[in-house]
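Colleague: Could you walk me through how the labels in this model were assigned? I'd like to see the cut-offs beside the values.

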Amino acid sequence: MSDLLERLRGRGWRLTSQRRVVAEVLDGEHVHLTADEVHARAAERLPEISRATVYNTLGELVTLGEVIEVSTDGRAKRYDPNAHHPHQHLVCTGCGAIRDVQPLGNPLSDLPADQRFGFAVSGAEVTYRGLCPACAG
């Protein structure tokens, strides 16, 4: 069983066949699918699944904190099931491919006190950009 399915079961989230197939599609390393990609893959396994059900399920998973919604440079939102492991993203500016990365250091402690402007900083999102090997070609 996938890590996401295990977490959802542990929360007592009702796993209908539609919810299960969405969670199964999101399983894996470096998964960053758009809602349409999730729907297409889910429909291969469960042809009767509707686009609305996929969108609603993704919204619920984001609200639960089990999936991260990733937006990059005006492209379609992508959904990352790696919500419980601290990481940042590496995005190809050519094709939009996304990889999870764990840079050294802590972006929270890297922000100097005089640059916090009195904020009680609780989180940081860092996005690295460049060309993937295929696009750098």
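Colleague: Where does Phe117 lie?

Modeller: Phe117 sits in the loop between β5 (98-101) and β6 (127-130); strands are DSSP runs of E, at least two residues, numbered from the N terminus. This is a predicted model, so local features need pLDDT of at least 70, side-chain atom pairs count only at pLDDT 80 or more, and totals for chains, interfaces and linings use all residues. Residues are numbered from 1 along each chain as its sequence is written, and side-chain values use heavy atoms, with hydrogens and water left out.

Colleague: Why is Phe117 called exposed?

Modeller: Its relative accessible area is 64%, and exposed means over 50%, buried under 20%, partly exposed in between (1.4 Å probe, protein chains only). Phe117 is therefore exposed.

Colleague: What makes β2 and β3 a pair?

Modeller: Two strands pair if DSSP finds at least two bridges between them. β2 and β3 (residues 78-80) have three bridges, in the antiparallel sense, so they pair. Ile68, for example, has Asp80 in β3 as its bridge partner.

How values were computed
Helix = DSSP H or I, 4+ residues; strand = E, 2+ residues; numbered from the N terminus.
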